[in-house]
Amino acid sequence: MPPGLGPDRVAALQARWRDLVDRRLPDAARGRAGWPVRLDHCFARILLDNACGGPWRESVAAPAWANMPPARLAAAIELGEAVLAGRADLDLLNRRSLQWRGKARVPAAPDALREGSLHLRRWRRGDDAPFAALNADPAVMRYFPDIKSRSESLWEARALDRRFQADGFGPWALSDAAQPGAGEGDGSGPAEAFLGFVGAMRLMRPMPFAGGERPGALVEVGWRLAQAGWGRGLATRAARLALRDLFARCEIAAVVAFTAAGNGPSRRVMERLGMTRDPAEDFDHPALAADDPLRRHVLYRLTGADFAARDGAAA
């Protein structure tokens, strides 16, 4: 949903949401014996939590239908439509919501992964300022639709870390002991500079490629590094470390990665990881306007078996 949406279109979006959760989903539930919920407020909880990446009340004032940012409300509607069409697993969405709310559990992720000086760890509040600076850097964000405000960055940081609670894996905060910084340390020595994130995420919005039409069915691997982390192979090394954990501990069978067609640096990382691209799977990103120069995207895939063979040979 583009920024600057007019009041009439916002009102139409809100009306569509109310119709979806107040009428259409509860009506459909009468004929779906396997659905875990039946009531309007339960459907709203599930869809809003998944659109917000955590309990929606932590980032949006009630009532949600009136105060939810249009892009997130559109994502919640999109998930609801996928549920109605049988393209999204309501059980999975419900489990993620309950896990965020402390009413269900997934196997705990380790606090950190290490390889030499490379350090992948869970997020800290001390990462907020450098993450906001990273997201405000036009060079870092040149293959994204726009830079992010500080408030957008804070919401994203919380949502990224909450993925570990929902799925048992997520995007790790990246630091390098060879590069000290001013962030939060453990008191035993200089803090390591926050350099961005690297890791895996369930793909929770429908996408126009095989498997992507079912929200939550595919896992995406991705990264975003500050300029201080460029040019040293950190993205590739960190992604390998994250993938070893993902494929072994979480038993994920395969991952995808995608980016704007012109994003050569990220494409080279994907290729160094052993990911493969079929040009027939290139697609136009549904969140970008038809005239947006970033709209055309390339898709890469990698199976756990192929990664293990390549990683073992490298070792």
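# Close-up views of a predicted model

**View 1. Lining of the largest cavity.** Of the elements around the largest cavity, α8 provides the largest share of the lining, namely six residues. The structure shown here and in every following view is a predicted model. The largest cavity has a volume of about 70 Å³, and the count of cavities of 30 Å³ or more comes to two. At least two residues of the lining are supplied by each of β4 (192-202) and α8 (234-249). The residues that line the largest cavity are Phe169, Gly170, Trp172, Gly199, Ala200, Val221, Ala239, Ala242, Leu243, Asp245, Leu246 and Arg249. By residue class, this lining divides into eight nonpolar, two polar and two charged residues.

**View 2. The second largest pocket.** The second largest pocket has a volume of about 270 Å³, and its lining is made up of 15 residues, of which Asp40, His41, Ala44, Leu48 and Trp56 lie nearest the centre of the pocket. Two or more residues of the lining are given by each of α1 (7-29), α2 (40-52) and α3 (64-67). The largest share, five residues, comes from α2. Eight nonpolar residues, one polar residue and six charged residues together form the lining of the second largest pocket.

**View 3. Packing of α2 against α4.** Helix α4 spans residues 70-84 and packs with α2 at an angle of about 125 degrees, the two axes being 8 Å apart. That angle makes α2 oblique to α4, and α2 passes α4 in a right-handed crossing. On the α2 side the contact is made by Leu47, Leu48, Asn50, Ala51 and Cys52, and on the α4 side by Arg72, Ala75, Ala76, Leu79 and Gly80. The residues of this contact between α2 and α4 divide into seven nonpolar, two polar and one charged. Leu48 of α2, which takes part in this contact, is also among the residues that lie nearest the centre of the second largest pocket.

**View 4. Packing of α2 against α5.** The axes of α2 and helix α5, which covers residues 90-100, come within 9 Å and cross at roughly 75 degrees. The two helices α2 and α5 are therefore roughly perpendicular to each other. From α2, the contact involves Phe43, Arg45, Ile46, Asp49 and Asn50, while α5 contributes Leu90, Leu93, Asn94, Arg96, Ser97, Leu98 and Trp100. Sorted by class, the residues of the contact of α2 with α5 comprise six nonpolar, three polar and three charged. Asn50 of α2 belongs to this contact with α5 and also to the contact of α2 with α4.

**View 5. Packing of α1 against α4.** With their axes 10 Å apart, α1 and α4 pack at an angle of about 30 degrees. As angles under 35 degrees count as roughly parallel, α1 and α4 are therefore described as roughly parallel to each other. In this pair, α1 passes α4 in a left-handed crossing. The residues of α1 that make the contact are Val10, Leu13, Gln14, Arg16, Trp17, Leu20, Arg24, Leu25 and Ala28, and those of α4 are Pro70, Leu73, Ala74, Ala76, Ile77, Gly80, Glu81, Val83 and Leu84. The residues of the contact of α1 with α4 divide into 13 nonpolar, two polar and three charged. Ala76 and Gly80 of α4 take part in this contact with α1, and Ala76 and Gly80 of α4 also take part in the contact with α2.

Methods:
Residues are numbered from 1 along each chain as its sequence is written. This is a predicted model: local features need pLDDT of at least 70, side-chain atom pairs count only at pLDDT 80 or more; totals for chains, interfaces and linings use all residues. Side-chain values use heavy atoms; hydrogens and water are left out. On a 1 Å grid over the protein atoms alone, a cavity is a set of points where a 1.4 Å probe fits but cannot get out, and a pocket is an open set with protein on both sides within 12 Å along at least five of seven lines; lining residues have an atom within 4 Å of a point. Grid points are joined across faces, edges and corners, and a volume is the space filled by probe spheres set on the points. Helices (H or I, at least four residues) and strands (E, at least two) are DSSP runs, numbered from the N terminus. Ala, Val, Leu, Ile, Met, Phe, Trp, Tyr, Cys and Pro count as nonpolar, Asp, Glu, Lys and Arg as charged, and the others, Gly among them, as polar. Axes are lines fitted to C-alpha atoms, for helices over the stretch in contact, and angles run from 0 to 180 degrees between N-to-C directions. Angles under 35 degrees count as roughly parallel, over 145 as roughly antiparallel, 65 to 115 as roughly perpendicular and the rest as oblique. A crossing is left-handed if the near helix is turned anticlockwise from the far one by less than a right angle, and right-handed if clockwise. Contact means heavy atoms within 4.5 Å.
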